[in-house]
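Have the model open beside you and try each task before reading its solution.

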Amino acid sequence: MAYLSKKHFSDVSYLEIGVSVGKNFFQILKAHERGRFVGFDIEEINPILKSMLKEVSKTDWTTRSTSIKKNNSSLTQFSFNSLDVSYLSGDVWDENSWQKLQGNKFNIIFSDALHTPKALLFECEMITRYNLLGDRFIIVWDDLVGNMKNSFYKIISKYDKKYKIRDRYLLDINGWIGENESPHKVGIISNFNL
């Protein structure tokens, strides 16, 4: 992710869906001197990640009643080495959370949140509905196992009509513990040649 973002974008605009403890998100932050970075997760920001950022402002709103998230959703603005960083703590199924991202144009998106076929399709619907893709973009999905691969192919078909997808890959990549973990499928699409 760091390689792709540095190679193709001098001013990265990055969205990570499913930040978890923030190990990937922080690596992307550290790899860049310019850009805007947004993390989106149902959990509150990890305290260790938060301790490395300077909080600027925070807004919150009531989470929809049917959500598994029981506390308020929030959007917190941070800075990190002069970079703009935002953390959206919300349910990916809650359209109110996605609406908070409207006006952003992301050129690289990493999806690693709710690993279900339906969730992937919903994410892509929200990305389209709120016009979140920049003129040139890369989207990466982690853990495309089982029927999630079918969702990946459906997204390619839908996005190809709208955005003219140029490159698409379904790769076997080892997980976070490297060769000690079995490879899993990672999907990548872009509307330009990688």
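Tyr159 and Tyr163 are separated by about one helical turn, because they are 4 residues apart in helix 6 (helices are DSSP runs of H or I with at least four residues, strands are E runs of at least two, both numbered from the N terminus). The model is predicted, so local features need pLDDT of at least 70 and side-chain atom pairs 80 or more, while totals for chains, interfaces and linings use all residues. Residues are numbered from 1 along each chain as its sequence is written, and side-chain values use heavy atoms, without hydrogens and water.

**Exercise 1.** Describe the ring pair of Phe137 and Tyr163.

*Solution.* Start with the whole structure, where a search finds 10 aromatic pairs (ring centres of Phe, Tyr or the six-membered ring of Trp within 6.5 Å; planes under 30 degrees apart are stacked, over 60 edge-to-face, the rest tilted). Next, the centres of Phe137 and Tyr163 lie 5.4 Å apart with planes at 85°, so this pair is edge-to-face. Finally, the pair links distant parts of the chain, with Phe137 in strand 7 (residues 133-141) and Tyr163 in helix 6 (residues 148-163), 26 residues apart.

**Exercise 2.** Decide whether Phe137 and Tyr163 are buried or exposed.

*Solution.* Phe137 has a relative accessible area of 1%, so Phe137 is buried (under 20%; exposed is over 50%, partly exposed in between, with a 1.4 Å probe and protein chains only). Tyr163, at 16%, is buried too.

**Exercise 3.** Classify the pair of Tyr159 and Tyr163.

*Solution.* With 5.0 Å centre to centre and 75° between the planes, this pair is edge-to-face. Both tyrosines, Tyr159 and Tyr163, are buried.
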